[in-house]
Protein chains: 2
Amino acid sequence: MDMTNILILTVGTRVKIVEYFKALPHVKVVCTDASLNAPALYFGDVHYQMPRFTDPTYLDRVLEICEAEDIDGILPIIDTTAFMLSQNQQRFSQKNIKIITSPPEAVALSYDKRKLARFCHDNQLPTIPTFESLSDFKCAREAGQIDFPVFVKPAIGSGSVDNYKVSDMTELEAVLVDKTNMIIQAFVDGPEFGIDAYCDLETGELVDLFVKEKLLMRGGETDKARSVDQEPILSILRDLVRRANLRGPIDVEFFYDHGQWLISEINTRFGGGYPFAQACGKNYPQLIVNNLNGERNQVQNFEYPLNMILMKYPEVVVSSMDSNVLLQSKVG
Amino acid sequence: MDMTNILILTVGTRVKIVEYFKALPHVKVVCTDASLNAPALYFGDVHYQMPRFTDPTYLDRVLEICEAEDIDGILPIIDTTAFMLSQNQQRFSQKNIKIITSPPEAVALSYDKRKLARFCHDNQLPTIPTFESLSDFKCAREAGQIDFPVFVKPAIGSGSVDNYKVSDMTELEAVLVDKTNMIIQAFVDGPEFGIDAYCDLETGELVDLFVKEKLLMRGGETDKARSVDQEPILSILRDLVRRANLRGPIDVEFFYDHGQWLISEINTRFGGGYPFAQACGKNYPQLIVNNLNGERNQVQNFEYPLNMILMKYPEVVVSSMDSNVLLQSKVG
């Protein structure tokens, strides 16, 4: 059987993702990172140190590696490279190399919360009420559509940097002084859910999903979660996938508030919590390899064990500075 | 051969520590935590859910488990339980159960930075210049012993919560308003080192050590480090171990500043970065088991490979909420 060769960019600490591909038969896994201290580099078959994605030669370098390693598909696992690749899809499709992410308009929804809010509004998808300016917020408040407390955060950005819970107008005006590109959102306090889903690269169909309730967050990452039923969220997710034309692995975040599922974030790449889905039996790397081999994926059965508790813990790996070869892993 | 039975308290996410003991022959590993969502619980032989250490019945419960599981030694791996156990050592020694940590006066150095500063001063050990009050700081500044910038932090506490870099007196006075139990320290900018060492429980001798330079910190934990030579730091560490009467596994943090090694923190328990030492060939769990079996440990050769790059990444584990049995781990 022919080999399927996948290039995973900016692998960082995403060791599990690399391992899942490596466990598939007839797959060569090529990894890159800007730093040789990225542990996941050493879990594939081949690794390359690359310039940062801001380097003007970055895409040329990616193409060089594709040529040298006979790459069939490129998987970006951080937002910035997902965006860059989706914008330059043609340079790769010419050479018959697939980009494993969504088209640029969809990737844009993942990094600009204003775009996501407008998109949801235009497509009648439920999301957190979002205002792009103080005057918009004031109008809505006078119309009785929203009130304090609200949440103020940068339109572009992730994690909880520069996020403020604000309880009155004086405080809101103070927080917004000297800041641009901030959004004002309704303060939502309900439980938070993360969906890891796969949208077929060929058909765009939602072919598999896994829903977890977040139990413990640390530094923007889910450390503990619980697997929950996908049924209540399926139709909204299907709508979203179709309307946003999402492709490949996605990670969609929802709040459940007053009986409503509200879309709070879309990531057009593997989410940091994907290993929980794989531990419960999902295998999106296999679906990706099927697509790279020209096969369409059938819709899966959407089943997985419920009420599983998913927990993260730190694993260590050691490499020699001189040889950059992995010497030890999972020393027990 | 007789079994050695060890009880590890509040295991949390310290899966690696549990695994290292589990890998030793003739050792039974009993784990406890207040939460059944603590992943390390499921890596030992037996686990118990316990009340929090603040519960008045906590020690009774520990003794009950010791009786039920015929425990030879108890390993605390967080500061609070280390302190509580060291203070109540007698209740356990009566029953021939060893507490694997330092005596209470030494454990106190690990949670109150004022005590550590006074201890180092009284014992001529190098540490970061530390002032317990604004007036002390002002006196020292007038005497030309210290100047801005300084670092202000709580005397008791870990991580970087409530830590401030302060550049002038106005700012310093503002930061200290309404706060008690804060210390003022010289701002040290040099590279930071962490030492994982083992002090024999019987003899108190420093029997092994491993020194790493910290390359990347995240949320108070070392995510990347490099193994470095122990020689320059050995004599200070030996002095510290002897004068503070340290016992069992310790984690000592140093800054290297202007040609000086400065003690910045002592933890009288396994540090979060200990798995790096084990990955480089150390095996303190074996030294602990030797001590529990009544053997004294000889001083080891202090050797390990230098310039190894040590990297952390997230591993996942899944347990069923209903049965609390580990179902899957390291799904690859």
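Guide: Contact means here that heavy atoms lie within 4.5 Å. The model is a predicted one. With that meaning of contact, 100% of the interface residues of chain B are also interface residues in chain A, so the copies meet through the same surface. Chain B is superposed on chain A by a rotation of 180 degrees with 0.1 Å of shift along its axis, and the RMSD is 0.1 Å. The two copies are thus related as by a two-fold rotation axis. Among the residues of chain B, the one that comes closest to this axis is Pro314(B), whose C-alpha is at 2.4 Å.

The part for the close look is the parallel sheet. Strands of a sheet pair through backbone hydrogen bonds, in either the parallel or the antiparallel sense. In chain A, five strands in the order E3-E2-E1-E4-E5 make an open sheet with parallel pairing. Strand E3 (46-49) and strand E5 (98-99) of chain A are at the edges with a single partner strand each, so one side of each has no neighbour in the sheet.

Strand E1(A) covers residues 4-9, and six of its six residues are buried. Buried means under 20% relative accessible area. Thr4(A), Ile6(A) and Ile8(A) point one way from E1(A), while Asn5(A), Leu7(A) and Leu9(A) point the other way. Both sets are buried. E1(A) runs parallel to E2(A), and five bridges join the two strands. Across this pairing, Leu7(A) is opposite Val30(A) in E2(A).

Strand E2(A), residues 27-33, pairs with E3(A) over four bridges in the parallel sense.

Chain B has an open sheet of five strands too, in the order E3-E2-E1-E4-E5 and with parallel pairing. Its edge strands, E3 (46-49) and E5 (98-99) of chain B, each pair on one side only. Strand E2 (residues 27-33) of chain B is joined to E3(B) by four bridges in the parallel sense. In this pair, Thr32(B) stands opposite Tyr48(B).

Other strands of chain A pair in the antiparallel sense. Strand E13 (residues 248-257) and E14(A) run antiparallel and are joined by seven bridges. One of the paired positions is Glu253(A), whose bridge partner in E14(A) is Glu265(A). The hairpin of E13(A) and E14(A) has two residues between the strands, and His258(A) takes a positive phi near 45 degrees there. Strand E14(A), residues 260-267, has six of its eight residues buried, so the rest of the structure largely encloses it.

E14 is also part of what covers the buried residues of helix H5(A), together with helices H3 (79-87), H6 (113-122) and H9 (231-244) of chain A, among others. The buried residues of H5 (residues 104-111) of chain A include Ala106(A), Val107(A), Ala108(A), Leu109(A) and Ser110(A).

Helix H6 (113-122) and strand E6 (130-131) of chain B are the elements that give two or more residues to its lining. H6(B) gives five residues, the largest share. By class, the lining has six nonpolar, four polar and four charged residues.

Notes. Residues are numbered from 1 along each chain as its sequence is written. Chains are lettered from A and ligands numbered from 1 in the order in which they are written. This is a predicted model: local features need pLDDT of at least 70, side-chain atom pairs count only at pLDDT 80 or more; totals for chains, interfaces and linings use all residues. Side-chain values use heavy atoms; hydrogens and water are left out. Ala, Val, Leu, Ile, Met, Phe, Trp, Tyr, Cys and Pro count as nonpolar, Asp, Glu, Lys and Arg as charged, and the others, Gly among them, as polar. Copies are superposed by least squares on the C-alpha atoms of residues with pLDDT of at least 70 in both. Buried means under 20% relative accessible area, exposed over 50%, partly exposed in between (1.4 Å probe, protein chains only). Two strands pair if DSSP finds at least two bridges between them.
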